[in-house]
Amino acid sequence: MSGTRTPGTMTDSTSTLGRGLKVRHLTMMGLGSAIGAGLFLGTGVGIATAGPAVLVSYLLAGIIVVFVMRMLGEMGAAIPASGSFSHYARIGIGEWAGFVMGWLYWFMLIMVLGAEITGASGIVSGWLPGVPQWVVALVFVIFFAAVNLAKVSNFGEFEFWFAAIKVTVIIAFLVIGVLLVFGLLPDTEPVGTTNLFGHGGFMPEGFAGVAAGLLVVAFAFGGIEIVTIAAAESEDPERSIAVAVRSVVWRISVFYLGSISIMVLVLPWDSSDLKSGPFVAVLNQAHIPYVAGFMELVVVVALLSAFNANIYGTSRMAYSLSRRGDGPAFMARISNSGVPLNAVLLSVFFGFVSVLLNWWLPDDLLGLLLNAVGSALLVIWIFIVVSHLRLRPQLEREGKLTVRMWLFPWLSYVTLAMLAGFVVLMLFDTDARTQLISTCVLFLVIAALGVLNTRLRKRPQTV
């Protein structure tokens with residue numbers, strides 16, 4: 001980062017976007033984005049990989065995410081921007097970094113959109129045997145396109161209630177789980193620590209299991225970064241992001257660690273029921289009727305909530321990139337309701353294309369694309385930390401800090417070291433190594449396009 005900058009380079013103008021999001025919207029969006037199908041279904045895989053010691057894996061991953069979000073929150077409160085970490089990478093590292101981060105994030109979420117809507121439509125079409133899956137997917141895509149084309153406050157309300165359903169389910173699960181652990185429900189006895197320390201001990205697969213578990217669970221927290229993207233459209237960005245980041249981080253930590261603790265206390269870690277559906281497996285111990293069908297409904301809500309949020313995230317990122325000259329100018333058009341119209345339509349279009357890819361592409365090609373997404377979040381986290389290290393001194397000099405990273409710069413460097421350690425772990429795991437290589441190839445392709453884009457145009461002085 002250059003020692004001196006013109007005042008305009010530190011801002012990302014979003015004055016033409018709507019300003020209808022409230023703190024409660026931002027908080028629930030962050031919670032809803034991170035509490036998805038990965039928590040409801042994927043936790044069983046992590047437990048099967050590491051045993052009860054998966055708690056250590058979640059704790060380590062949670063620490064990384066808390067530190068990254070604190071840094072992102074610090075920058076977001078000082079410089080509210082619809083481009084979020086892409087804009088911070090641009091002003092903190094260089095123009096090429098902003099281009100790469102923005103389009104890498106956009107590509108990652110577009111591929112995820114397809115997986116989410118395919119999963120949700122697959123479950124719903126099972127409820128409606130006479131309706132083809134593609135019809136269900138099309139209905140969902142059209143509905144959420146309408147939601148995202150309306151005022152941003154309408155989008156915020158949808159996400160608020162979607163997330164509220166998931167949070168309520170998690171809280172109910174924690175309450176029932178605690179009652180199960182202490183044997184306070186009918187026909188149950190206290191579970192003690194038999195499942196936690198029996199069946200091979202707390203760490204049955206050793207440290208290798210904890211490391212493998214970390215690879216499984218680390219990306220479960222992805223999605224929380226949408227809080228800083230959405231803050232630019234809140235009524236009081238500086239205050240909103242500070243409150244939302246503090247609230248989201250500790251709540252997600254409690255929900256994740258609390259849920260996993262209940263699972264490994266109530267059932268043996270090597271139970272096949274945990275792997276197939278951990279929440280259902282635990283609730284079945286409480287003899288709750290119709291729990292499997294109810295959790296299936298919750299998973300659909302989780303997938304649709306994430307789909308809705310990711311349309312928002314991709315459209316705002318594309319809008320911000322286009323405002324800076326890093327994307328087609330037509331995507332910077334704003335509707336009368338303050339929504340980036342063409343950017344939303346582009347995200348919806350590619351979201352539907354991604355659905356088609358999930359159905360049509362050979363497994364190998366689709367696997368390659370999804371692998372490239374696999375570790376893209378890790379790259380984004382690393383760039384957030386580097387951007388923070390570069391920007392913090394200037395933000396402090398300008399008196400813009402309302403949220404501060406703890407023990408700067410030491411904890412920032414510790415976070416970077418933890419992320420580097422995570423990359424090393426990935427290199428020693430076959431599947432993770434494939435993801436890392438695919439992401440590196442994608443990174444280089446986008447970086448090359450960024451260099452070409454810079455050469456082909458004259459960058460404006462302000463954004």
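Modeller: The largest pocket holds about 1,200 Å³ of space. On a 1 Å grid over the protein atoms alone, a pocket is an open set of points where a 1.4 Å probe fits, with protein on both sides within 12 Å along at least five of seven lines, and lining residues have an atom within 4 Å of a point. The volume is the space filled by probe spheres set on the points, which are joined across faces, edges and corners. This is a predicted model, in which local features need pLDDT of at least 70 and side-chain atom pairs count only at pLDDT 80 or more, while totals for chains, interfaces and linings use all residues. Residues are numbered from 1 along each chain as its sequence is written, and side-chain values use heavy atoms, without hydrogens and water.

The lining has 42 residues, and Gly-38, Val-112, Val-216, Phe-219 and Ala-220 lie nearest the pocket's centre. By class, 27 are nonpolar, eleven polar and four charged. Here Ala, Val, Leu, Ile, Met, Phe, Trp, Tyr, Cys and Pro count as nonpolar, Asp, Glu, Lys and Arg as charged, and the others, Gly among them, as polar.

Helix 6 gives the largest share of the lining, six residues. Helices are DSSP runs (H or I, at least four residues), numbered from the N terminus. Helix 6 also packs against helix 7 (residues 133–149), at an angle of about 125°. The angle, on a scale from 0 to 180 degrees, is taken between N-to-C directions of axes fitted to C-alpha atoms over the stretch in contact. Their axes are 8 Å apart.

Definitions and conventions:
Helices (H or I, at least four residues) and strands (E, at least two) are DSSP runs, numbered from the N terminus.
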